[in-house]
Amino acid sequence: MLAYVVRRIGQFVPTLLGVVLLVFVLFNWIGGDPAYLLAGKMPNPEQIENIRRQLGVDQPYYVQLWIFIQQAATGDFGVSWATNEKVSEIFATRLGPSLTVLVPMLIISTLLALAAAMLVAYLRGSLTDRAIMIGCTVGQAISILVYIIVFQYIFAYQLGWFPVQGWGYGFAENLLSYSALPIIVGVIVSLAPDIRLYRSFFLDEINQEYVRTARAKGLTEARVLWVHVLRNAAIPIVTNVMFQLPGLLAGAFLIERFFSIPGIGREVILAVERSDFPVIKAVTIYVAVATLILNLLADLLYKAVDPRVQLK
Amino acid sequence: MPAPILRAALVVFALLAGCNDAPRSAPSRAPGAAGPGKVLRVTFQAAETGFDPVQVSDYYSGSVIEAIFDPLLTYDYLARPAKLVPNVTESMPEISDQGRTYLLKIRKGIYFSADPAFKGNRRELTAADYAYSIKRFLDPRHRSPYAFLFEGKIVGLDELAARSKQTGRFDYDARVPGLETPDRYTLRIRLNGTDFNFSHVLAFPLAGAVAREAIEAYGDDTGSHPVGTGPYFVKSYTRSSKIVLEANPGYRGRVWDFQPGADPHEQEIASRMNGKKLPLIGRVEISIMEEAQSRWLAFQREQTDIEYQLAEVAPAFMTGDGKLKPELAKRGIKLDRSVDPEIIYLYFNMRERIGNQPNPVSGFSVERIALRRAIAMAYSVDDHIRIVRKGQAIRAHYPIPPGVAGHDPRYRSGIPHDPRLANALLDRFGYRRGQDGFRAQPDGKPLVIRYSSTPTERDRQFDELMKRSLDSIGIRLEIHKDRFAELIKLENDCRLMMRTSSWIADYPDGDNFMQLLYGPNSGQSNNACYQSPEYDRRYEASRLLPDGPERDRLYREMARLMEVHTVWILADSRYRNVLLQPRVVGYKRHPVLHVEWLYIDLDTGVGK
């Protein structure tokens, strides 16, 4: 097991180098010259040159790439080109609001999707199954933007059950008041694809022989489903959940913009609009590192869930 | 729940709890002198970038800076066109030596808001603070977007900046002959040349005084620690989310004493506000809300008091003729509608070549002027306003917009919208149609107009309008799409053939607009790269004159010259529709000041 973990961690290095190279090429190819955005209304060549020198974009590409590699290795991405704020501080202050919305959203949507998927898998072919599947297909066809606009209008503006937007200073206030509607929207948007996906995992298992055996042994239907079927369907479910986790670091920019949540998603979009490369670099590397670590954890979880899995 | 999982959950919860955006600790002080219960809630549609006056160029940061810092001069709240008045000075500057020397006497007893940088002492504002603050604009380390306001103007300042580039250190203690402080409260500014408009630069909101101790204390983080002498200070600040300002208890205090004009609305404002001590609002809460729907719903739920920018949802609150909808008026909501001091224009690149390619729209030959004139006649500004602006703009006839000194309301463009005449003009000057229906140049070479724009929805609408216009006169159009930064880069190299551009007043004087066509400004603000000795001669003469009939005459000649050469297609100036809750008292949109928080009141008797 230890040898496996060490080997996988060793693979992180070339993967991250690939990410660094890709981001560097993409930014320099399509990112635009930030000096022209920062120079104001009446830039002159001397001023442009001064800005380029201060940002380091006048250096040869190999020097800029080496600096990026050093930053990725140390985790210190310097300061934002647009605001002079330390990039580490941007993440420290914006990650909390994003996680306040996204963590409950992921937990609730996963639990609800599992329950609903189990139900429709059990009732496969019934009217309930068909109705829920049609609902999921329709739900998936609607853009998240529509959900946000309609829910904000009805539940926040018309009914006044939630604030239209905003963010406070206390965790409880933010979670229970300002995050409630964004979480509901996020859960509803992710329910449809998750139910369809998990239903297919359960259906793969529900017709297996071990299920028939369990039933023949006289086990209750609930035990058959929630213990035997769920455990055997757990590997693809774990994969799907782990796949979603790195996204928490990137935030949910549409939800954050419409509900004025000062999260990381809004910051990433701002960084792209402003050609703020230090922030773009940081978020890309953080998400890449999180993806690698969570993939490793997922592999280890497979072993925990199903002892038959061999880690090689 | 198993113990390890429970512990992990608790750790995650604790981490989240620790990620709160707690208010930044502010210096302890007594409650604001203004009504502490009077809380004004406003929104910005884009995030600020910081509050160091020399490091920002965005409107939103400028709005907060204006509330915190004091420039030497400011503007009368009601006078239109905008009128300069003393701010921290005893009187208007004494201008002598043919507009080359400005003498300013700063009032005694004005103090910076309390800050740990002052180590518990009260810090009085002095002339040296302004000298220091002006020098900062030219310090290369700050890469100030507004350095151009001072560059080349003050005797000895550019030399100091040049020396700093060699030594790597800007010497703030070095003597600058053009920035002298003969005594603690006197500032003498000597300019390299005559400039009667320099008073406007001294009233520029970003030209407020900073204290050197505070700047040095906060090092690279001056953007989040603004310390000024203005009516407000930053109480708490969550970047890109919420900014809370509180009335500065040590503010020198001003009395609302502005003279209303004939406008009944101004007279009503004056009758309610006259004699009140400013500021009246104790706290300003600014939320960043990017989406128009969120701002509009929040305003309707009375979660905000003033909405500055709701152009996207204008049909929801306005009738077709620009009036507030009756149901909103019945609720006491008010609409303040004014035209922004800006112009939107389409320019033609006047350089003979763009890169290695000949430029078919350039030059002063009659054929080229005829081509540009025909395009201008084919472009429908009315459609531009109706379709793209959704009616939220007025046609611009003159390069100087309304509300800015030098604007001529009687001037009318001599170029009508008349595609038939445009076709006749092109036929007359040898732009013959080929078999495909498109015209060639008089020498038979293909004629393709390359129009550049960004890949946004608004610019797509401009593209379609341009395509329709050029199709109507048989000219082939090529749309060049690129990111904004790249377009600016190409524009500064005079490498764009045609683009829609805009300019909003930095200060309310015609010079700020007429310089857009001054030859030496090519590659900077003169994005048409127009080089006309006739225009430049008149512009240079106008710079030696104060605002008045003689300068206006020169401006009219320059505007007509621009039309004769058809360098621009002048399009529009946009409306600013500001929505106010019933409890907001005394609001009138100022054409130059970013925000009016200092001059308004909240009627706490009117339901929130």
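## Helix packing and the A–B contact in a predicted model

Tutor: In this predicted model, helix H7 (residues 144–158) of chain A packs against H8(B) at an angle of about 10°, and their axes are 11 Å apart.

Student: Is that parallel or antiparallel, then?

Tutor: The angle makes H7(A) roughly parallel to H8(B).

Student: Which residues in H7(A) and H8(B) meet there?

Tutor: From H7(A) come A:Ile149, A:Gln152, A:Tyr153, A:Ala156 and A:Tyr157, and they meet B:Gln293, B:Leu297 and B:Gln300 in H8(B). Sorted by class, this contact of H7(A) with H8(B) has 5 nonpolar and 3 polar residues, with no charged residues.

Student: And the whole contact, how many residues does it take from chain B and chain A?

Tutor: Chain B gives 45 residues and chain A gives 46 residues. On the side of chain B that touches chain A, the elements giving two or more residues are helix H1 (3–18), strand E12 (281–288), helix H8 (292–300) and helix H15 (484–492) of chain B. By class, that side of chain B has 18 nonpolar, 16 polar and 11 charged residues.

Student: Switching to chain A on its own, how many helices and strands does it have?

Tutor: Chain A has 16 helices and 0 strands, and its C-alpha atoms fill a box of roughly 85 × 60 × 35 Å along the principal axes. Of the 312 residues in chain A, 37% are buried, and among contacts in this chain with a separation of 6 or more, 70% are accounted for by residues 24 or more positions apart.

Student: Which way do H1(A) and H16(A) run relative to each other, roughly parallel or roughly antiparallel?

Tutor: Helix H1 (residues 2–30) and helix H16 (residues 277–305) of chain A pack at an angle of about 155°, with their axes 10 Å apart, and they are therefore roughly antiparallel to each other. The crossing in which H1(A) passes H16(A) is right-handed.

Student: What makes the contact on each of H1(A) and H16(A)?

Tutor: H1(A) contributes A:Val5, A:Arg8, A:Phe12, A:Thr15, A:Leu16, A:Val19, A:Val23 and A:Phe27, while H16(A) contributes A:Phe277, A:Ile280, A:Lys281, A:Thr284, A:Ile285, A:Ala288, A:Leu292 and A:Leu296. The residues of this contact between H1(A) and H16(A) divide into 12 nonpolar, 2 polar and 2 charged.

Student: What about A:Val13, buried or exposed?

Tutor: A:Val13 lies in helix H1 of chain A, and it has 10 other C-beta atoms within 10 Å, so A:Val13 is exposed, given that the cut-off for exposed is 12 or fewer. Its C-alpha atom is separated by 9.9 Å from that of A:Val289, although A:Val13 and A:Val289 are 276 residues apart along the chain.

Student: Back to chain B: in what order do the 4 strands of the open sheet come?

Tutor: The order is E4-E5-E7-E6 (chain B), with antiparallel pairing. Strand E4 (94–96) and strand E6 (179–183) of chain B each have a single partner strand and stand at the edges, so one side of each is left without a neighbour in the sheet. Direction ignored, neighbouring strands of this sheet are turned by 20° against each other on average.

Student: How many bridges join E5 to E7 in chain B?

Tutor: Strand E5 (residues 101–105) and strand E7 (residues 186–190) of chain B run antiparallel and are joined by 5 bridges; one of the residues with a bridge partner is B:Tyr102, whose partner in E7(B) is B:Ile189.

Student: Which helix lies across E6 and E7 of chain B?

Tutor: Helix H3 (residues 127–138) of chain B lies across E6 and E7 of chain B, and H3 runs at about 170° to E6(B).

Terms used. Residues numbered from 1 in each chain as written. Chains lettered and ligands numbered in written order. Predicted model: local features only at pLDDT ≥ 70, side-chain atom pairs only at ≥ 80, totals over all residues. Pairing = 2+ DSSP bridges. Axes fitted to C-alpha atoms, helices over the stretch in contact; angles between N-to-C directions. Contact = placed C-beta atoms within 7 Å. Nonpolar A, V, L, I, M, F, W, Y, C, P; charged D, E, K, R; others polar. Parallel < 35°, antiparallel > 145°, perpendicular 65-115°, else oblique. Left-handed = near helix turned anticlockwise from the far one by under 90°. Buried ≥ 20, exposed ≤ 12 C-beta atoms within 10 Å, placed from the backbone.
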